[in-house]
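Here is a short report on one protein fold. It covers the sheet, the helices, the core and the charged pairs.

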Amino acid sequence: MGKYFFSETDIKSAWEQVLAAFWQRYPNPYSTHVLTEDVLFREVTPDNLLLSRRLLTKTSRLPRWAERVFPGNLSRSVYIIEDSVVDLGNRSLTTLTWNVNHAKLMRVVERCVFAGDQDRPVWTQITREAWISSGVFGLSRPIQEFGLARFRSNQVKAMKGLEHALSNLQKASAVCPGDSAEKHKNLNSASKTQKPQQYI
């Protein structure tokens, strides 16, 4: 069956600010486990959607009981694929992430929607879902329980990291209000690498 996680959070920041902070949230003091981020693919579609695929490298320490069960040379680095779709017309950002390695030990699939609120222009709603599963016979349940607890903990850190990026952007805007937009990453740049087979 696996484990399921769901949450909804409102952030008092305009969607455009949250979008800019999303691309600039690493590095931050709350996500030191994120080592690298690389853009594998990016394009703007004819209907003005920005599609991106990124590869993130993170560290992930096994729980103490698992260190006795699994090999000591098991890689502590986890490679994460992140697909995202930015829809400027509907003011939404949708992301889908999953781990590439250690998938039999534990697979975590996460879907997030960052949506602007038409009735409250200075608010953004974040809807987050996650599915956690394990293919280890006899140990899948404790592994999934551990994965869910780790996911909850990491989401608190992720929100603090996003708020940290938002704070930095707001400080930069206050100092140079005319130049702040130029400091944001160019979301319309399109990489010419091979197009992935599937998107969200």
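The text below goes from the sheet to the helices, then to the core and the salt bridges. The model is predicted.

**Sheet**

Seven strands make up an open sheet with antiparallel pairing. Their order is S1-S7-S6-S5-S4-S3-S2. Strand S1 (3-11) and strand S2 (34-44) are the edges. Each has a single partner strand, so one side of each lacks a neighbour in the sheet. On average, neighbouring strands are turned by 15° against each other, direction ignored. Strand S3 (residues 49-59) and strand S4 (residues 77-87) run antiparallel and are joined by 11 bridges.

**Helix H3**

Buried residues of H3 include Ile 143, Leu 148, Phe 151, Met 159 and Leu 169.

**Core**

The largest nonpolar core has 19 residues. Val 86, Leu 93, Phe 114 and Leu 162 touch the most other members. Helix H1 (15-23), strand S6 (107-116) and helix H3 (140-175) each supply at least two residues. H1 gives the largest share, seven residues. Beyond its neighbours within four places in sequence, Val 86 contacts residues including Trp 15, Leu 19, Trp 23 and Leu 93. Another core, of nine residues, lies apart; among them are Phe 5, Met 106, Ala 130 and Ile 132.

**Salt bridges**

The count comes to nine salt bridges. Three of them are tabulated.

| Pair | N to O distance |
|---|---|
| Glu 82 and Arg 25 | 3.2 Å |
| Glu 37 and Arg 54 | 2.5 Å |
| Asp 117 and Arg 120 | 3.1 Å |

Glu 82 sits in strand S4 and Arg 25 in the loop between H1 and S2, so this pair ties together parts 57 residues apart in sequence. Both Glu 82 and Arg 25 are buried. Glu 37 in strand S2 and Arg 54 in strand S3 tie together parts 17 residues apart. Arg 54 is buried, with a relative accessible area of 3%, whereas Glu 37 is partly exposed at 27%. Asp 117 is partly exposed at 22%, and Arg 120 is partly exposed at 32%. Through shared partners, salt bridges join Arg 25, Glu 37, Arg 54 and Glu 82 into one network.

Notes:
Residues are numbered from 1 along each chain as its sequence is written. This is a predicted model: local features need pLDDT of at least 70, side-chain atom pairs count only at pLDDT 80 or more; totals for chains, interfaces and linings use all residues. Side-chain values use heavy atoms; hydrogens and water are left out. A nonpolar core is a set of buried Ala, Val, Leu, Ile, Met, Phe, Trp, Tyr and Cys residues joined through side-chain atoms within 4.5 Å. Buried means under 20% relative accessible area, exposed over 50%, partly exposed in between (1.4 Å probe, protein chains only). Helices (H or I, at least four residues) and strands (E, at least two) are DSSP runs, numbered from the N terminus. Contact means heavy atoms within 4.5 Å. Two strands pair if DSSP finds at least two bridges between them. Axes are lines fitted to C-alpha atoms, for helices over the stretch in contact, and angles run from 0 to 180 degrees between N-to-C directions. A salt bridge is a side-chain nitrogen of Lys or Arg within 4 Å of a carboxyl oxygen of Asp or Glu.
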